[in-house]
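Dear colleague,

Please find the structure below, followed by an account of what was found in it. I would be grateful if you could read the two side by side.

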2 protein chains.
Amino acid sequence: MEDMRGEEREHEKRLEKALGQMPSEAGLAEMGARFKLLGEASRLKILFVLAAGELCVEHISQAVGGKQSAVSHQLKILKDAKILKSRRDGQKILYSLSDGHVITMLDVAKEHLNCD
Amino acid sequence: MEDMRGEEREHEKRLEKALGQMPSEAGLAEMGARFKLLGEASRLKILFVLAAGELCVEHISQAVGGKQSAVSHQLKILKDAKILKSRRDGQKILYSLSDGHVITMLDVAKEHLNCD
DNA sequence: TTAATATATGAATACATATTAATATATTAA
DNA sequence: TTAATATATTAATATGTATTCATATATTAA
């Protein structure tokens with residue numbers, strides 16, 4: 001009985017602590033949105049391809065084995081999220097990673113999310 | 001013209017390199033699935049709550065502000081993915097993080113995915 | 001200007017999945 | 001055993017979103 005009380009109190013404490021360090025609703029949404037971007041094999045493929053360097057849409061499509069239209073849509077999503085940037089070179093649009101952060105994430109994921 | 005040729009060759013090389021270091025289809029799917037688990041605010045909330053320690057379903061539900069049923073569903077998903085484990089204590093089922101890996105991911109995400 | 005090429009976009013479709021309500025199962029208390 | 005409590009599960013619904021097709025836009029070449 002006394003034990004029960006103590007345990008309950010401990011749980012209450014834990015709850016308070018948890019709620020205290022919980023990110024804001026907006027923060028959680030933002031974080032979820034970021035992870036969601038990486039939660040799709042088609043987008044991951046694109047990121048791995050671009051890890052090797054700047055490439056045009058056609059080449060990216062070839063590399064990931066997807067239709068131009070589908071790839072364009074995904075590129076837009078990744079660019080809107082600032083994960084990719086692009087520049088025009090003649091008729092082509094060359095896409096590249098905005099920075100190394102995403103690759104870092106993928107590396108850490110391999111280690112800590114047991115992906116291979 | 002020569003420039004064009006050289007550039008094209010460079011792109012070909014880059015493509016080969018990219019394809020060479022691309023994870024397998026299965027690996028990409030696995031990785032995507034892992035990220036997808038973290039790509040939902042409702043699940044992130046649960047993980048942050050459990051970062052404070054073991055808690056029963058009712059308390060988790062209170063903490064994340066969700067219905068028991070919805071939380072149970074998400075707990076099952078996270079447990080099936082081995083991110084959470086559970087044990088029975090009387091009528092209650094206590095859930096906890098399987099290990100520290102997920103928290104590491106969340107921390108790295110804060111740094112590299114500019115979440116706050 | 002016209003044709004050809006590269007990319008982007010809009011709308012429709014298909015599919016995945018989060019949530020809910022209702023109910024089933026399991027444990028404890030009476 | 002019966003009632004009460006805690007959790008899990010099933011089926012239905014709703015929502016989000018990836019993909020496709022068709023077409024628009026933009027650039028270069030003829």
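In this predicted model, 40 residues of chain B are in contact with 40 residues of chain A, two residues being in contact if their C-beta atoms, placed from the backbone, lie within 7 Å. On the side of chain B that touches chain A, at least two residues each come from α1 (2–20), α2 (25–38), α3 (41–50), α4 (57–64) and α6 (101–112) of chain B. Helices (H or I, at least four residues) and strands (E, at least two) are DSSP runs, numbered from the N terminus. The most is given by α2(B), with 10 residues. By type, this side of chain B has 23 nonpolar, 9 polar and 8 charged residues; Ala, Val, Leu, Ile, Met, Phe, Trp, Tyr, Cys and Pro count as nonpolar, Asp, Glu, Lys and Arg as charged, and the others, Gly among them, as polar.

α5 (68–80) of chain A and, from chain B, α4, α5 (68–80) and β3 (92–97) each supply at least two residues of the surface near DNA strand D. The largest share of that surface, 6 residues, is from α5(B). The surface near DNA strand D consists of 6 nonpolar, 13 polar and 6 charged residues.

Within chain A, Val57(A), Ile60(A), Ser61(A) and Val64(A) of α4(A) meet Gln68(A), Val71(A), Ser72(A) and Leu75(A) of α5(A). The residues of this contact divide into 5 nonpolar, 3 polar and no charged.

Finally, Lys82(A) is placed in the loop between α5 and β2 (84–89) of chain A.

On conventions, residues are numbered from 1 along each chain as its sequence is written, while chains are lettered from A and ligands numbered from 1 in the order in which they are written. Because the model is predicted, local features need pLDDT of at least 70 and side-chain atom pairs count only at pLDDT 80 or more, whereas totals for chains, interfaces and linings use all residues.

Yours sincerely
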